[in-house]
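Here is a short report on the fold of one protein chain. Look at the model first, then read on.

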Amino acid sequence: MAKPRWRVVVLGARFAGLTVMHWIRRLTPRDQVEGTIVDPWPFMTYRPALVYAMQASPTFVRHWRIDVRRVARRAAFRFVEDRAVFIDTAQQKVYLASHGPLSYDVLFLTTGSDPGWHTIDGLDVSLGGLCEDYLARYTATVVQRWAGGSFVFAVGPHHGNPNGTPRLATADEFMVYESSLLLDSALSPALRRQTDIWLVTPAPTVGQALGPRARHRLLETMQRRHIHLLTNAEYVRVDPNGIHLRSGYLPANAMVWIPPYTGSPLARASHLDDGWGWVPVNAHLQHPEWPNIYAVGDITIHVPKLAHSAMVQARVAVHHWWAQVTKTPAPPPYHPQVLCLIDIGHGQGFFALNTTLYGDSRDLVYVGPAAQWAKRVFNRAYVWGRGALMVMP
Ligand SMILES: Cc1cc2nc3c(=O)[nH]c(=O)nc-3n(C[C@H](O)[C@H](O)[C@H](O)COP(=O)(O)OP(=O)(O)OC[C@H]3O[C@@H](n4cnc5c(N)ncnc54)[C@H](O)[C@@H]3O)c2cc1C
């Protein structure tokens, strides 16, 4: 009797999607899986490296792209360059913008969050950002021509269920800690004296996702580097010269925005979300209503939204699915933890591993050269291995 072939569809090909694909390849015999991965972009931009816009020439982004078609080919997956527009959960079909529908036995939903530029009056991509390669390229150009003034890093709010637990004001803001500190280290001492670096966040404190020790250390680091902090920010309007906040106006000669996180339009359209655009999941990342749909990465209700969490979730989800197929014991469930590993310049890095956000007590923090080294090695290893690390988190 022929072995069953499982039609596996992965939507999204960045941290979560690529890791799902790698785990499927590692766990399953090739003749038992018919894999398809879908993304509108044939190249994945490795986002954690985009913070180097603060110290590199604008073309640096070219070195941080991964050819998804090649990765898919190696994993024996079919890559479809398209956007999923609707999931018919009853028929087990994904409708795409420009190809015919895809049928699935199991679906991995890894399409992340849409950027909510439109949710703040006056805010748009032209004001500056870092989350995509074209935005980082523009920011690198701004930094190269920088002649002093007020340089503002602003984080948009996380739009999520106000009663959700844990609740964070922003989905992820580690990248603005990293980029503001990298800017501080990249400017010449003379130019630094003529520059005010601001970090604006709706959170009540920097490091809201961290434990008390790590948060204290982060705050101390920002203060020592003379980064001005504006917390509890309520955005009213943005114009090309600054930010109108409920508490007053902050002028800016340059801005870098992390736009609000507004959830997934695909999950909303397919009625798979929690009413706020995020996909609810159980401890093995399965949708509570549709056990053959797993959600992994930024698209889930989990906070904060981190690449590290996406990779861990991908491991748990794929192992769980395969355990069900092979009727073997389920793997341990997903235990969220917050891992912050950032390059802070001047030969230093900041590392924190925390579980206090989830009611546990782990609150590890280290600041020093080994953390910078670890971050740089991880960055290189990820891109060099095209997402397949020798030791996966
Ligand atoms: C500047 C920056 C630096 C960061 N640094 C770090 C860091 O150092 N450490 C860390 O842990 N995290 C970091 N993060 C966060 C990390 O990048 C995200 O958590 C991670 O990218 C989430 O991965 P994901 O695959 O879930 O979602 P995404 O990265 O958002 O990927 C989603 C993919 O789905 C595709 N897609 C979207 N809609 C559809 C659709 N309808 N159909 C098909 N495909 C679709 C998109 O094109 C995209 O390729 C950083 C983020 C930024 C912006």
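The centres of domain 1 and domain 2 lie 28 Å apart, taken over C-alpha atoms. Keep in mind that this is a predicted model. Domain 1 covers residues 6-114 + 262-326, and domain 2 covers residues 117-261.

How many residues of domain 1 are in contact with domain 2? The contact involves 23 residues of domain 1 and 30 residues of domain 2. On the domain 1 side, 14 of the touching residues are nonpolar, six are polar and three are charged.

**The whole chain**

The protein chain contains nine helices and 20 strands. Its radius of gyration is 21 Å, close to the 21 Å that the globule rule gives for 393 residues, so the chain is as compact as a globular protein of that length. Along the principal axes, the C-alpha atoms fill a box of roughly 75 × 40 × 40 Å. Buried residues make up 47% of the 393 in the protein chain. Among contacts with a separation of 6 or more, 67% link residues 24 or more positions apart.

**The sheet**

Five strands form it, in the order β5-β2-β1-β9-β17, and the pairing is parallel.

Strands of a sheet pair through backbone hydrogen bonds, either parallel or antiparallel.

| Strand pair | Bridges | Direction |
|---|---|---|
| β1 and β2 | six bridges | parallel |
| β2 and β5 | five bridges | parallel |

Individual residues mark these pairings. Val10 stands opposite Ile37 in β2. Val38 stands opposite Val80 in β5.

Strand β2 spans residues 33-39. Is β2 largely enclosed or left open? Five of its seven residues are buried, so β2 is largely enclosed by the rest of the structure.

To recap, β2 pairs with β1 through six bridges and with β5 through five.

Conventions: Residues numbered from 1 in each chain as written. Predicted model: local features only at pLDDT ≥ 70, side-chain atom pairs only at ≥ 80, totals over all residues. Pairing = 2+ DSSP bridges. Helix = DSSP H or I, 4+ residues; strand = E, 2+ residues; numbered from the N terminus. Domains from an automatic or database assignment. Contact = placed C-beta atoms within 7 Å. Nonpolar A, V, L, I, M, F, W, Y, C, P; charged D, E, K, R; others polar. Rg over C-alpha atoms; globule rule 2.2 N^0.38 Å. Buried ≥ 20, exposed ≤ 12 C-beta atoms within 10 Å, placed from the backbone.
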